[in-house]
Amino acid sequence: MARDSQAALVALNRFGFGARGGASGDLINAASDPRGFVKAELARPFGALLEAPGLQSTPQLGQAAFAYQDQVKQAREAAAKAGAPAESPPQAPADQKLRRNLSLNTVATEIAAGQMAEAKPADSAMKPDGMQPNAAAPAAAKPAQPLNVIQKTFRAEALARLQRATLVECGFTERLVVFWSNHFCISANKGELARMWAGAFEREAIRPHVLGRFADMLKAVEQHPAMLFFLDNQQSLGPDSRAGQNRKRGLNENLAREIMELHTLGVGGGYTQEDVTSLARIITGWTFAGRQGQLGAPGSFVFNANAHQPGPQLLLGKTYEAIGLAQGEAALGDIARHLSTANFIATKFVRHFVADDPPPALVARLRDVFVRTDGDLKALATAIVDSDEAWKAPLTKMRSPYDFVIASGRLLARVPEDPGGYLGNLNLLGQPLWTPAGPNGFPDTSAAWAAPEGMKLRLDIASQMGARLGPNIDPLDLLEFAAADAASTETRKTIERAESRQQALALLLMSPELQRR
Amino acid sequence: MIDCVENRLLTSRRGLLLGGASFAAWAYLPKFARAADGRDPRLVVVILRGALDGLATVAPVGDPDYAGLHGSIALAADGAHPAIMLDTFFALHPAMPEFARMYRAQHAAVIHAVATPYRDRSHFDGQDVLESGYAGPGRVQSGWLNRALEALPRGERVSSGLAVGPTTPLVLRGNAPTVGWAPVALPQADDDTAMRLVDLYRHRDPALASALSQGLQLEKAASGDDMKPKPGNAVAQMRQVARGAAKLMAADDGPRIAALAFDGWDTHANEGGPVGRLAFLLGGLDGALAEFESGLGDRWRDTVVVVATEFGRTARINGTDGTDHGTATVALLAGGAVKGGRVISDWPGLKLANLFEARDLKPTTDLRSVIKGVLQGQFGLSDRVLAETVFPDSASARPMKGLVV
């Protein structure tokens, strides 16, 4: 079969996380059968699931977080009683390996074995001015605080995700995970529980349905404790419910509004404020069990009938009878199948994978697929790969910071062993993992990611990677892995003429071939 | 709640800037340090990555063909920025007054028309040959300086508190353990790299060119000159690294042997003459040498600093007031242990017929001979070890005698 390197770039960069370096043969495989290369991952029924030793369920994590919060509280109370300033809470012994690697820019944390005889404390910084040869600990680096259980969990979840993205073949399924996770985003900055649950939320509510049904993902998301916490639904009480009456409190519309505005129908999707309020009433009582466990296992989703607004509700022209939890599930099921939802999802999907200005014909086709297949997301993904537009549209989308750091790690064949460097770089580049500024998620347009300061920072990071890893690689080999004859003459020459391997690697990582998708 | 670590990251980003420079040193105090004659020799190897224009650093102003070939950027013994005459034939770049002072005090020397055995023009391969010490390029993972160290008697461990930097130059990589330091903060990409990328984007991706240019806070592309690199950072970095390395090496239990790498010498365009881009960089190198001199204090007396680059540049300037990849160039020696005050050269001349491949200064001295001479003078390594282990298959390049006091 003829090899088409340009199509391989589309397969690997537009749909995946870029070619892996080393002996992967990704570019050649993708060039031989570009569509087949992308779709191969869709054929693996459980390919989107992520399980790794030590990753726990949401209730387990919730209980650990509650226990940690209790410890903090007790320590504070004990200190207050003793009249002393509050001590830091009891901590688990610090994981030395984690601590050691909390440095910046350690996209690749380890140096090839044998090159350095000394293990490096990567978080040590020395200023030559203040340098003392015998100084055991560098003055510039504050002693790292031991990580608490929440930070450790966040890092473990992050690491599992980063490793998966680095190791998978094409990465299309992982890209779908990232797309849907951003569509249904939460923010770890909401509070300790959100940080604790950020990874589990994605594993439990997103991944099982990425190649499944949209309606199932919608239900899993809106019933997940992380989402209920993020958008305050655990505080929302039906005004006429027993709890609402007792506590003189009522509705919080936050989740209901975002379900319609951001998760399904989209702005202008045909809903009114009345509908928002109505949906908010319908999903009152959707909450999670607290630390006392009165409603169920702490940290698990529960329907609290005491908080649920009684009576039928009119939503989008249809009446939903008062049947408890099933009332909301029925409502979500209908919203998931609304034509506005199909249109909104199809548009966003095409914008993400093909172009900032999505080709209308392709959007219409995907919308029809969504409707015809009852929101089969695997069918949706297949349809976009099968389209002509996705392969013909020029590669003008900008890689997001996450794409950029993952693609760089893949090309350099570095499997992350510590998430610190990645998390740091993502913070720096404005895409902190699982922490968008608002419930609308991170932006998905080239303009957002090709901003001046962002480009400057990308270059700084690429330069740092070049300095660390450049001496041991051949940048022209990497260009072959990444783009082969699809690389422009100018890019090839720029790399060939670089004054050092270090510089050549930085320029390669920053080349349009690696920045655009 | 924000992770404390990521917080630190954000605030420390503009901390220490050592982007274009790195340093590493041997981790052991050699046995010879307390030798009977009281000498405590120190060796610093400075690698200039990118290929230094030797004809612009030490100009053969006495060669009748020099001024014509080097054209608009040629140095001259007169004018507003006169080059510093080292003898009646060679003149030092005016950006290097400290080196000139050392030279006059006979603590600095120049070796001209020197080259490694490498005869092609790829930076990567050229640096491999320069640093590995092998006769040709290859994926060697040890450098000649490290192999020289292995041949020395091992003494006590030094400086165990130091972090190992991630960018140990190849020349010092190998089995002998090394120490060094690396900055934690995100160093900013150097200006040369940024300019190359902006140039690539201009040709292939104007939107990114515009964004990056703005990010770099440069003026509009139309005013070409504004795109020239700002060398201030690089110069400060060279001095800073040298100061830190000197401080380490001055200590009684500090490392005796170190390697540094300075980037940015690939002057294809707007190289500049007595002033300009190369002048700034040479000023930085000059400052770094001065930092070693002052930082090492009394130890300077026993020190040799070797400055070397992968190859030279074309004798004739190109169409953009710069020079392209060439062959022979200069090596510089500085330090109290250098038998200095001379330019050592078997000058090949710059007549067209005398140029290597009709374009480059022809190599007449093997750089390995120079380095071997230094290693032998400082540490007493035998001809055989130098010819077999340190620089494999190099018996024909005999150690240069009399470089060290």
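How many helices and strands are there in chain B? Select chain B and colour by secondary structure: there are twelve helices and 14 strands, where helices (H or I, at least four residues) and strands (E, at least two) are DSSP runs numbered from the N terminus. This is a predicted model, in which local features need pLDDT of at least 70, side-chain atom pairs count only at pLDDT 80 or more, and totals for chains, interfaces and linings use all residues. Residues are numbered from 1 along each chain as its sequence is written, while chains are lettered from A and ligands numbered from 1 in the order in which they are written.

Strand 5 of chain B meets strand 6 (residues 91-92) of chain B over two bridges, and B:Ile84 has B:Leu92 as its bridge partner in strand 6.

Next, select domain 1 (1-117 + 151-171 + 396-517) and domain 2 (213-354 + 357-384) of chain A, with bounds that come from an automatic or database domain assignment. Their C-alpha centres lie 31 Å apart, and 13 residues of domain 1 of chain A are in contact with 15 residues of domain 2 of chain A (C-beta atoms, placed from the backbone, within 7 Å). On the domain 1 side, helix 4 (residues 58-82) of chain A gives the most, with six residues.

Terms used. Two strands pair if DSSP finds at least two bridges between them. Two residues are in contact if their C-beta atoms, placed from the backbone, lie within 7 Å.
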